[in-house]
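I opened the notebook today to follow a sheet and then a domain interface. The entries below are kept in the order in which I looked things up.

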2 protein chains.
Amino acid sequence: MRTEIIAVGSELLLGQIVNSNAQFLSQQLAELGLNVYYHTVVGDNPARLEQAIEIAQKRSNVIIFTGGLGPTKDDLTKETVSKAVGKTLNFDQHALQSIEQYFTQTKRVMSENNKKQALVIDGSYILRNDYGMAPGMAFQVNEITYMLLPGPPSELRPMFNKYGIEYFHEKLGLQDRLTSRVLRFFGIGESQLETDIQDLIDQQTNPTIAPLAADGEVTLRLTAKHKDEKVANKLLDEIENKINERVGVFFYGYEQTTIVNELKNILMEKKKTIAAAESLTGGMFSEHITALEGAGIIFNGSIVGYTNDVKHRILQVDQHILETYGAVSEQCANEMAKQIRKLTGSDIGISFTGVAGPTTQENKPVGTVFIGISLSDDYTKVYNLNLAGSRNGIRLKTVKYGCHYLVKLLNEIE
Amino acid sequence: MRTEIIAVGSELLLGQIVNSNAQFLSQQLAELGLNVYYHTVVGDNPARLEQAIEIAQKRSNVIIFTGGLGPTKDDLTKETVSKAVGKTLNFDQHALQSIEQYFTQTKRVMSENNKKQALVIDGSYILRNDYGMAPGMAFQVNEITYMLLPGPPSELRPMFNKYGIEYFHEKLGLQDRLTSRVLRFFGIGESQLETDIQDLIDQQTNPTIAPLAADGEVTLRLTAKHKDEKVANKLLDEIENKINERVGVFFYGYEQTTIVNELKNILMEKKKTIAAAESLTGGMFSEHITALEGAGIIFNGSIVGYTNDVKHRILQVDQHILETYGAVSEQCANEMAKQIRKLTGSDIGISFTGVAGPTTQENKPVGTVFIGISLSDDYTKVYNLNLAGSRNGIRLKTVKYGCHYLVKLLNEIE
């Protein structure tokens, strides 16, 4: 299968946005075993889009379009593709209803051009849009498979995952598959991890091992080519075991999980509640944990004490501690963790204080961080870190280290 | 000038990296007044690259290649392009010296394949690589201008800015330039905004007006083609005024700013401090505001009252309100905003409560949101919204609406 992704949108050609849809789809299509040979980007221009379609029809047999399904005059993908394959456009009643429903629900007036979003190419299989108005669609003409997806990634990604993949499996009868497994590590640098498993990387052909570093984490992507899922999983298990014999102490989870998500899972499993006292992280820990569905079961709340006054007045940190040791201190982190646990009646209190930058604070250098974890009146532990990076890089790493330490602690105690 | 950017690299087609070079170059080329009509991505495959070059030669007269200039066998851009234009490859002595120097300096042994990086297409203008080994190059054949740039953004960007732009100016005798201005709007949908200014969009040729929607915001990119910066700014001012006569009430800022940033600016300007009481947003407002440098001047802190217990115990929301009206209510939002202002001794208290989903809460549907703003003991206002979208989409829109309402309020009062 020779696959091509055609992104339609002048905003891409002006450099206003990056073609992240092509990246996302390429990853997904690789998993499906479809070879992506070309990405093309054209503007909102029917003549040039038409030409791009002609070229794609000659060299590709799966053509995926992204963008240009919206309500405005610029949005012309459906019109141009339908013309190129000699099909008409019809209203999809389900899409029309959900568009009207959206406006009723949000109590907004629907402008007429919104209806255009419910037009679909005749005979298409409709890909529902669960996060927006314009549905996607797919069909086959002359042994070429076409799929049209909306431009906004927040709509395209769930649509492709939920409906698009299934369509390809069914229509293309895919057999040779790639199965990937992503292992996630925290607390070890990329070059160290790579050094530790270099011989495994060099020896392996199936599965392959690809390291990637981002945001202070390292992931290993293991990819097995196979015709049988069971065989693939066995191969992946074997290599995973070998890797974890070396660096398993830093392993924390699979695939798209995050260290925050792992923390949520273990808190749920152990039926523990948590609350946070945040200074340099400014609410980031709380925001990350409440971004997860069901957070309400384990997360009670937090106090963001950005000033010393709030740390004292609301979080009830002793004025003496703030004056003697400062807000960026082991003592303050200890007190913050204890207080938030007590004030909220939670099982666990976690605290974050430090210097995010760009300037020093209390004469402590940028990157100085203290994380407190309080599990009871008798047990509060403080971790000290010296982190490098930008202001928000330091904040993010701080949150991740907090989760990392707490997960380890919860795994150790019964 | 019809310009095409061809990125060469299988890592792009596998989705391992995103084509950020295309975005960067597109922005730069737009400023130069070169119209980018196509982005193409092909893998490290000479036959397919050759075909892509043939297509580009038919439709474009400026062709920019990125990637494939490195030392490995995969790197074949120079070889394939030189073949396509009927030219030979020669060693560039300067490049060869600096490659050897690099290895001497870093005390590493130079493997023979590194020399390959010093090969350049005969008759090229050499673009020095100040941050890596492979030089770029540019030349003209049959009225088509070719430029080859290295793949790593850390090498490509400075090379293009320092040497590439100059080459285009000289060789293409560029006079017309493009100047863009981005206007940002919040609180109005894309289709409504476009309907309101449709006649302006239709009439305009210079500057052009391009709308774009993302994350609940709409931007308009105004782009003027000109020979004189002053003339361009006058044209942009005129059309901006016309637009803002219609939809100015939703305008909040220029270029890359955010609504949170605008809130920070106005708080600083008016010397006001703020604190937040967050329920459904779970710390997102606090996190967004503390992500900005200098937030400590205007932001005191917040209480994330995720459970009713924390809302009552720490935020001191009356138990009666929680029992009678519920946490998702106008009354609760009102009380939360008031209390956080008083407890933290801030000038302004802002509160967020609602249902982020995925399930209803207190029998209130997903998307029900109340935002409270308290400016004094006598003035607290509550806004009610019905938002659509995913859990985190609703949370993000809630934060943005809170900033939007407060900015408006602060602009109204003196």
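What follows are my notes on this predicted model.

Entry one, the domains. I looked up the domain assignment of chain A, which gives domain 1 as 2–172, domain 2 as 177–254 and domain 3 as 259–412.

Entry two, the sheet. I traced an open sheet of four strands in chain A, with antiparallel pairing and the order β10-β11-β9-β12. I noted β10 (208–214) and β12 (251–254) of chain A as the edge strands, each of which pairs on one side only, and I read an average twist of 25° from one strand to the next. I then turned to helix α9 (residues 229–247) of chain A, which packs on the sheet and touches β9, β10, β11 and β12 of chain A, its direction making about 20° with that of β9(A).

I found 10 bridges between β9 (residues 177–186) and β11 (residues 217–226) of chain A, which run antiparallel, and I marked Arg184(A) as standing opposite Thr219(A) in β11(A).

I asked which three residues supply 69% of the area that domain 2 of chain A buries against domain 3 of chain A.

I noted that the side chains of Glu217(A) and Lys400(A) meet in a salt bridge, at 2.8 Å from N to O.

How values were computed: Residues numbered from 1 in each chain as written. Chains lettered and ligands numbered in written order. Predicted model: local features only at pLDDT ≥ 70, side-chain atom pairs only at ≥ 80, totals over all residues. Heavy atoms only, no water. Pairing = 2+ DSSP bridges. Axes fitted to C-alpha atoms, helices over the stretch in contact; angles between N-to-C directions. Contact = heavy atoms within 4.5 Å. Domains from an automatic or database assignment. Buried area = accessible area lost by both parts, 1.4 Å probe. Salt bridge = Lys/Arg side-chain N within 4 Å of Asp/Glu carboxyl O.
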